[in-house]
Amino acid sequence: MTRALRRAKTGAMDRTDQDSATAWFRLAVSLVIATVGNVGIWSIIVVLPAVEAEFGLSRAGAAVPYVATMVGFGIGNLILGRIVDRWGVARALTLSGLGLGLFYGGTTLAPNAAVLTLFQGLIGFCCAVCFAPLIADISHWFRRHRGIAVALVASGNYISGAIWPLALAPVLEGGDWRLANLIIAAVILVVLVPAPQFLRRKIGAAALRTAETEAAGRRAAAGLSPRVLQGLLALAGFSCCMAMAMPQVHIVALCVDLGFGAGRGAEMLALMLLGGVVSRLASGALADRIGGLPTLLIGSVLQCVALFLFLPAGTLASLYAVSLVFGLAQGGIVPSYAIVIREFLSPHEAGARTGVVIMATIFGMGVGGWMSGWIYDVTGSYDWAFLHGIGWNALNIAIAVALFLSTKRLRLSASRA
């Protein structure tokens with residue numbers, strides 16, 4: 001067989017890998033990994049009361065390990081995304097799984113809050129590979145169904161947030177947060193170390209070359225440089241999550257202020273997460289039909305509408321309803337960024353590019369959560385905090401509109417071809 005014939009046959013095989021049975025199996029494994037691995041950003045939330053009681057911390061002091069977790073998570077999405085681009089997702093996942101097992105084990109020996117905070121920052125860094133880098137990897141394996149594939153892996157984050165607190169509840173009822181973390185360490189080592197071995201295979205070079213050519217053509221037709229598009233998406237991601245943080249971070253506190261209790265607030269947060277899963281799947285299916293940018297714009301507008309609905313909501317029933325509406329509105333926004341990146345930027349840089357934007361969204365959640373609390377402290381009401389979030393959401397919409405309009409040339413050029 002000549003070298004040219006071998007290349008031709010290999011290229012054909014590479015292209016048929018996309019949307020194949022192999023790709024769907026890889027998606028199933030990736031979803032399991034995301035559901036288990038994303039425990040890193042949820043576990044500290046459910047053990048906070050026990051940590052606060054054991055170390056005698058203030059509420060603000062007890063939140064410091066969570067802040068460290070999110071900082072580590074944001075940085076990890078960037079750095080591990082670059083590693084995945086270079087060496088593949090399997091190695092990064094295996095090393096992160098070992099690291100998570102080690103660091104969770106370390107938290108069970110933490111003598112004080114400072115040591116716990118250090119371990120939580122490392123946990124956040126390691127679990128980051130189960131979000132943006134894993135999303136970037138699965139995006140290579142789908143073309144016709146890329147939107148739904150990305151949405152499913154991204155949903156692992158919310159599913160993790162729904163499953164792990166329920167699974168750990170019996171242990172945490174006794175206040176034994178160290179035992180809870182030890183259980184998490186064991187599950188991670190059992191699942192997150194062997195499972196990545198099913199993801200060792202990389203997508204073929206022919207599929208990547210095709211994607212590179214298509215992305216370059218779209219950028220040229222839309223008049224966008226990679227650096228400008230990357231910067232605009234990062235700013236849009238930061239802005240949308242500045243707005244998103246207000247309900248997600250403060251809904252429990254809002255319910256306490258209104259006299260409904262923390263339990264009701266926790267139920268509303270669960271409703272948001274459930275709605276977010278539905279929204280991500282629906283948005284993924286929509287993106288497969290109309291593209292990432294229109295889907296991003298639709299999600300951004302719907303989130304803004306949902307934020308306005310919180311302002312008049314003051315009864316228990318209305319807050320339940322608006323919480324669900326908010327979850328259904330916003331869940332598809334973050335995965336849309338990954339889809340836009342794959343449509344317009346080089347697939348060889350997908351991990352790093354997606355990592356930058358996801359890091360911006362995470363920092364937006366962190367800063368937005370803090371700003372909402374500060375505004376409440378100054379004004380004594382969450383109304384101005386919601387309006388603050390709506391302002392950032394308006395910036396997010398403006399960026400999405402500008403990017404969407406820039407693609408008119410792409411659609412016009414395609415119709416003339």
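Is Trp392 buried, partly exposed or exposed? At 24% relative accessibility, Trp392 is classed as partly exposed (between the limits for buried, under 20% relative accessible area, and exposed, over 50%, with a 1.4 Å probe and protein chains only). The model is predicted, so local features were taken at pLDDT of at least 70 and side-chain atom pairs at pLDDT 80 or more, while totals for chains, interfaces and linings use all residues. Residues are numbered from 1 along each chain as its sequence is written, and side-chain values rest on heavy atoms, without hydrogens and water.

Rings of Phe, Tyr and Trp (its six-membered ring) were paired if their centres lie within 6.5 Å, with planes under 30 degrees apart counted as stacked, over 60 as edge-to-face and the rest as tilted. By this rule there are nine aromatic pairs. Among them, Phe238 and Trp392 are edge-to-face, because their ring centres are 5.6 Å apart and their planes stand at 75 degrees. Phe238 belongs to helix H11 (residues 226-257) and Trp392 to helix H17 (residues 383-406), so the pair ties together parts 154 residues apart in sequence. Helices (H or I) are DSSP runs of at least four residues, numbered from the N terminus. Phe238 is also partly exposed, with a relative accessible area of 22%.

Phe310 and Phe326 make an edge-to-face pair, at 5.9 Å centre to centre and 70 degrees between the planes. This pair links helix H13 (residues 292-310), which holds Phe310, with helix H14 (residues 316-330), which holds Phe326, across 16 residues. Both Phe310 and Phe326 are buried. Together with Phe386, Phe310 and Phe326 form one aromatic cluster.

Key:
Helices (H or I, at least four residues) and strands (E, at least two) are DSSP runs, numbered from the N terminus.
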